[in-house]
Amino acid sequence: MIKVLKVLTVGSLLASSALYAASTAACTGCHGASFEKKAMGKSKIVKDMSKEEIVAALKGYKDGSYGGAMKGLMKGQVAALSDADMAAIAESIKGGAPAPASAKKLENINAHVADKDRLAKEDLGNKKEVSELTLGLRKTDLYSEKDETTPVKTDYSRPAPGQSTRFERAYVNAPPMIPHSVDGLLPITKNNNQCLGCHMPESAKAMGATPIPPSHFTNYRPTTVYKNGELVKEGKTVGMNGELGNVSDIKVAKAKKMDKLYQGRFNCTQCHAPQAKVDPVVGNTFQPDGLNDELKGHSTLADAMNEGVDIQ
């Protein structure tokens, strides 16, 4: 039992913070400023573990000799840690509260794709002559494409959670893309969602992560019941003789704010996707409206949900 508790302790610690470069600043959201809390109510209190126990667990995860259910996940998380890093992490945990996480600059992942020189080069409408090599996306002629054409190499390798730089949003209230590796974090289920350890609002600030917005703690779906043989949505009957001819007549359901994450949004990667390191075959001419510096890293979707909707 003691060994299992230690596995949960260090496993939860690493899963939620991805400790790198001997930094423990991102751990405080789950474990407390001095590691005095049980992470997610499950782990042993980390400050009660010895330095030797913490180092042994970290080394064991790295070489595969330690761990239980989270063994595969933890091996990837600690792969870049040196023995000195592990010792420094243990020293930091036992030495008291870590320094707060520093703010990180947002990265514009579309900067190269929307480069003016590139777009001008690819603008065929302004060229006097257009060769057959320019017309296609392969950039080779049909006679030699068998030997010379190769697909664009896609590389999904990314820094571990806690070490990556957040991406700017593509447009106002766009779902932020995932800037870090998702190795060991997928698949996401309603009962096992590793994203919550870093992105819940009470933890995100300390971890330097994007907090889950209020819209994800709100149920916008109409309340639906079957009463006296009739379908009732938002208190109105649906059907040929009902108050609503069709369910689409409900413009916006009454928003129901919740204390917990709305389970209709449990699958994070349905909207938030990992990004590949790849050079797209064509440039991007899209220009978002109203995307100022604040909205590049912040969502106002909950406030704007009903804009432009005629609520009846």
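Let's start with the largest nonpolar core, which has 14 residues. Keep in mind that this is a predicted model. Six residues make the most contacts inside the core: Ile54, Leu58, Tyr61, Val78, Leu81 and Ile89. Which helices each supply at least two residues of this core? They are α3, spanning 51-63, and α5, spanning 83-95. The largest share comes from α3, with 5 residues. As background, nonpolar side chains in soluble globular proteins tend to be buried together.

Now stay with Tyr61. Is Tyr61 buried or exposed? Its relative accessibility is 0%, so Tyr61 counts as buried.

Tyr61 also has an aromatic partner, Tyr66. A search of the whole structure turns up 1 aromatic pair. Here is how the two rings sit. The centres of Tyr61 and Tyr66 lie 5.2 Å apart, and the planes meet at 90°. Why is the pair called edge-to-face? Because the planes are at 90°, and the cut-off for edge-to-face is over 60 degrees. Tyr66 has a relative accessible area of 15%. Buried means under 20%, so Tyr66 is buried too.

Next, the strands. How many bridges join β2 to β3? There are 4. Strand β2 covers residues 224-227, strand β3 covers residues 230-233, and the two run antiparallel. Take Thr224 as an example: its bridge partner in β3 is Lys233.

Methods: Residues are numbered from 1 along each chain as its sequence is written. This is a predicted model: local features need pLDDT of at least 70, side-chain atom pairs count only at pLDDT 80 or more; totals for chains, interfaces and linings use all residues. Side-chain values use heavy atoms; hydrogens and water are left out. Rings of Phe, Tyr and Trp (its six-membered ring) pair if their centres lie within 6.5 Å; planes under 30 degrees apart count as stacked, over 60 as edge-to-face and the rest as tilted. Buried means under 20% relative accessible area, exposed over 50%, partly exposed in between (1.4 Å probe, protein chains only). Two strands pair if DSSP finds at least two bridges between them. A nonpolar core is a set of buried Ala, Val, Leu, Ile, Met, Phe, Trp, Tyr and Cys residues joined through side-chain atoms within 4.5 Å.
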